[in-house]
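Work through the exercises below with the structure open. Each has a task and a worked solution.

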Amino acid sequence: MLQISNLQVKYGGITAVNGLSLQVNENETIALIGSNGAGKTTTLHAISGLLKPSQGECLYQGMNLLKMAAHDIVARGIVHVPEGRQVFTRLTIEENLRMGAYLQKDRQLVKQNYERIYEMFPILKERLRQSAGTLSGGEQQMLAIGRALMSNPKLLLLDEPSMGLSPLLTQQVFEALYELKKAGLTILLVEQNAYEALELSDRAYVMETGSITIEGNSVDLIRDPKVKEAYLGGEI
Amino acid sequence: MRHMEKIRLRDSNIFRLICFVLAPLIIIIMAGQKNGGYYNGIVCTFGIYALLAASLNLVNGFSGMFSMGHAAFMAVGAYTSAFLTLAPQQKINMLPGLPEWLQNVQLPLLPALLICGLCAALLALIVAFPVVRFKGHYLAVATLGLVVIVRSVLDIEGDVTNGARGITGLPSSASIWLIFGVLVVSLFIMYRLLSSAYGRSLIAMRDDQVAAQTLGVNLTAKKISIFCISAFFAGIGGALWGHTQTVISGQFFYFNMSFKIVQMSIIGGMASLSGGLLGALFITIVPELLAPLESGFVLFSYPLPDLYGLSNIIMSVFLVVLIIYRRQGLMGNSEILLDTFFSKNTYTSVFKKDEYKHFAKACINLCQRKKKS
Amino acid sequence: MPIDYIIGQLVNGLRLGSIYAIVAIGYSIVYGILKLINFAHGDIMTLGVYAMLIFMTMLGLPIWMVIILSMMISVCAGLLIERLAYRPLRSAAEETTLVSSLAVSTLLQNVLLMIFSAQKQAFLLPDYMTELHTIGSIHLSTMNIITFASVAVSLVVLILVIHKTRIGTAMRACSENLTAAKLMGININKVIVFAFAVGSALACMAGFMLAGEYKTVDPAMGFVPGLKAFCAAVLGGIGSLGGAVIGGLLIGVSEMLFAGLMPTTVTAYRDAFVFVVLILVLLFKPTGILGSRERA
């Protein structure tokens with residue numbers, strides 16, 4: 001579904017991503033893990049059109065994403081939940097969700113999506129008319145995911161959904177993601193919380209200073225001593 | 001043969017001497033022959049604008065601030081100069097509200113200039129508190145506000161300023177030699193200031209305020225001091241300007257003037273004093289070249305109407321295009337003009353045979369390159 | 001001081017303030033999304049007024065047509081300016097775009113100067129517009145009533161648009177977080193174009209009211225009111241619609257009261273007064289009266 005080859009992205013004078021290649025197949029959940037500053041967020045920004053890479057290819061179902069504007073990429077079904085959630089704090093929860101549905105023309109589908117999200121995250125339905133700024137971190141994360149779901153994603157890009165969340169909330173978020181995975185959604189997940197990410201995903205890539213260093217099936221990587229040492233807290 | 005390709009004409013000291021020192025000097029001397037002549041006027045205007053643009057660059061290009069208030073400091077300088085250089089009789093007639101001791105003072109221009117600069121710097125100090133607090137375009141707007149406030153005071157306090165009518169009869173003692181003398185000395189001071197530790201800390205502040213702070217740079221002190229220094233030179237520039245025009249009034253020190261100096265600063269390049277000179281040259285010469293178009297022009301025997309304001313339009317368009325495509329201005333970061341003026345090597349190169357060889361090689365190089373293309 | 005006089009000044013102030021409010025809304029909408037102070041805004045107003053002059057006097061069209069056509073011209077000008085002078089500078093520092101807007105302002109003024117000369121031209125409204133109506137001790141012409149009515153109607157329409165329509169909510173989203181808005185599939189260029197269109201149309205309307213007030217037209221007429229409207233927008237809280245209106249009314253009223261009540265030596269400081277207010281607001285409460293985000 002998504003094919004990235006030799007991506008190179010520069011920030012000012014720094015090359016944040018260099019020679020990155022990865023692949024996401026339909027219905028897969030792929031994790032992109034690595035420490036801070038490895039370039040994971042930059043990669044997602046390049047996919048969703050917020051940044052233009054200096055080199056490389058990014059093909060989605062045969063289409064060249066690099067030639068498309070961000071809003072067109074959303075229209076094609078790639079939805080990005082950015083780092084730090086970035087909900088519209090001055091809009092209400094309902095308006096946030098409505099913004100998620102900005103491009104949707106099918107009213108029935110939109111209604112269904114609303115219901116689906118209320119089921120998944122009942123607290124959003126409770127606070128529908130409140131401004132999103134009054135929500136806690138975990139609730140905002142749920143709103144951000146809900147908002148993304150309103151866009152009917154075929155490929156969901158998630159940037160550090162667990163960041164700043166307590167273990168309990170992290171658990172809740174990943175449970176929700178698991179439901180989505182079961183329902184067949186293709187997910188590309190960027191996470192610093194390597195354990196949860198590997199548990200959830202089918203395959204994973206480890207990123208260090210701009211490029212992929214390790215890749216493989218998540219079940220294998222979870223047991224891989226190198227990965228364990230660097231990202232999973234070593235041998236107990 | 002390869003080493004010849006690296007020799008550029010602009011690196012040759014002889015070339016620089018001829019182009020940037022001798023040629024301008026000759027132009028100034030020729031223009032200076034006829035006091036009050038057309039070319040004299042243009043060259044004088046250029047000299048003053050150069051001082052104004054360079055002093056604005058101190059703040060706008062080297063310190064990370066953006067001020068549009070230069071006209072206000074010019075006004076202070078010009079009016080102070082009027083107060084100090086007019087004959088007591090003129091002052092009693094036009095400015096009855098002036099205190100007696102001031103009415104009786106009459107100084108020659110040169111010492112008066114110093115006081116003008118100091119008064120302008122004083123205004124800068126007074127408004128320093130908000131200046132330090134504002135950032136980005138809010139500072140720009142606030143400095144525009146200063147221009148409005150200063151003009152309002154000038155127009156209204158008629159007893160002291162003769163109101164909107166302005167002050168006439170300023171002695172036209174700003175000869176071309178005085179102007180360029182002041183310009184050279186001022187540029188020298190600014191040049192040395194920027195290459196000193198003080199200057200380096202300014203640039204550090206411009207590039208990254210937080211990092212500069214961690215290195216011990218006192219941001220507030222730096223901002224206030226450079227703002228005052230810039231205002232000092234603006235005041236002198238304003239005074240000189242007043243003496244070339246012999247009439248001053250609030251309307252001349254308003255948005256148009258402030259914007260004009262900002263234009264010079266940006267066109268030449270904000271981060272370079274030489275850029276200020278280039279910008280001033282540009283703004284002085286281009287309107288003169290376009291002037292015939294403004295007062296009726298015959299194109300293929302169709303008389304065009306008076307295109308009044310055409311040079312302003314063309315300059316504005318040029319400014320926008322430049323901002324979009326070459327934000328660093330025509331000169332960018334290059335300080336080639338001042339490096340030439342104030343470097344010993346330029347002048348001693350006359351005596352060095354090597355320099356002539358260098359110059360010759362560079363010329364040959366240029367011809368060869370032209371032939372190739 | 002007779003109470004009638006004060007009320008009269010108050011009404012005048014509200015009238016002037018409504019005009020400032022309309023222009024301030026245009027500043028606020030654009031600033032909210034782009035963080036750009038569009039100094040050319042006041043000159044777009046002037047352009048609209050000159051268009052009206054031509055349509056009215058040279059072509060003798062009826063008033064409603066004049067206003068609609070002139071609004072279209074103002075909108076076209078605003079969109080052209082956005083496309084040529086601001087869009088290429090999206091990623092530039094804010095002072096850069098400010099200088100660009102000043103350059104455009106100078107450009108507009110000089111173009112008008114070139115075509116129409118600096119002489120003030122008469123802007124005469126049809127007779128029925130200058131008819132006076134008296135309510136108590138207050139005299140209002142039809143023009144004045146139209147001014148108040150248009151401001152009120154525009155405000156209601158704008159609030160509905162901003163809060164109830166898709167593009168209005170998109171505008172609010174954009175002014176909070178441009179990146180997140182892009183990720184919603186919102187074409188921010190279209191939203192920005194819409195904002196400029198609305199602002200320019202409003203500026204044209206304000207121009208009509210201003211020209212009707214002062215009955216003369218000259219190329220520089222929009223610049224100072226534009227600046228004052230900007231001060232009003234900052235005072236009320238830049239980026240906020242309600243703030244722009246409150247700021248506008250406050251500035252208009254205080255300007256009139258200042259002019260009418262203070263001794264004559266101080267009244268000439270009208271223009272400077274507005275800027276002093278601006279600087280004080282920026283110093284002590286940069287978010288303005290209704291603003292909720294930190295600025296300056």
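The exercises go from single chains to the contacts between chains; the model is predicted.

**Exercise 1. Chain A**

Task: How many helices and strands does chain A have, and why is chain A described as compact?

Solution: 
- Start with the elements. Chain A holds ten helices and ten strands.
- Turn to the radius of gyration. For 236 residues the globule rule gives 18 Å; chain A has 17 Å, so chain A is as compact as a globular protein of that length.
- Along the principal axes, the C-alpha atoms fill a box of roughly 45 × 45 × 35 Å.
- Check burial. 45% of the 236 residues of chain A count as buried.
- Finish with the contacts. Of those in chain A between residues at least 6 apart in sequence, 67% join residues at least 24 apart.

**Exercise 2. Chain B**

Task: What does chain B contain in helices and strands, and what is its radius of gyration?

Solution: 
- Read off the elements. Chain B has 20 helices and four strands.
- A compact globule of 373 residues would have a radius of gyration near 21 Å; the 22 Å of chain B agrees.
- Take the extents. The C-alpha trace of chain B spans about 75 × 65 × 45 Å along its principal axes.
- Look at burial. Of the 373 residues in chain B, 45% are buried.
- Check sequence separation. In chain B, 81% of the contacts with a separation of 6 or more come from residues 24 or more positions apart.

**Exercise 3. Which chains touch**

Task: Which of the pairs of chains that touch has the most contacts?

Solution: 
- Two pairs of chains touch, and chains B and C have the most contacts.
- Rule out one pair. Chain A and chain B share no contact; their closest C-alpha atoms are 14 Å apart.

**Exercise 4. Chain C against chain B**

Task: Which helix of chain C gives the largest share of the side that touches chain B?

Solution: 
- Count residues. Chain C gives 31 residues to the contact and chain B gives 32.
- Find the elements. In chain C, α4 (94-116) and α13 (270-284) each supply at least two residues of this side.
- α4(C) gives the largest share, 15 residues.
- Sort by type. This side of chain C has 24 nonpolar, four polar and three charged residues.

Conventions:
Residues numbered from 1 in each chain as written. Chains lettered and ligands numbered in written order. Predicted model: local features only at pLDDT ≥ 70, side-chain atom pairs only at ≥ 80, totals over all residues. Rg over C-alpha atoms; globule rule 2.2 N^0.38 Å. Buried ≥ 20, exposed ≤ 12 C-beta atoms within 10 Å, placed from the backbone. Contact = placed C-beta atoms within 7 Å. Nonpolar A, V, L, I, M, F, W, Y, C, P; charged D, E, K, R; others polar.
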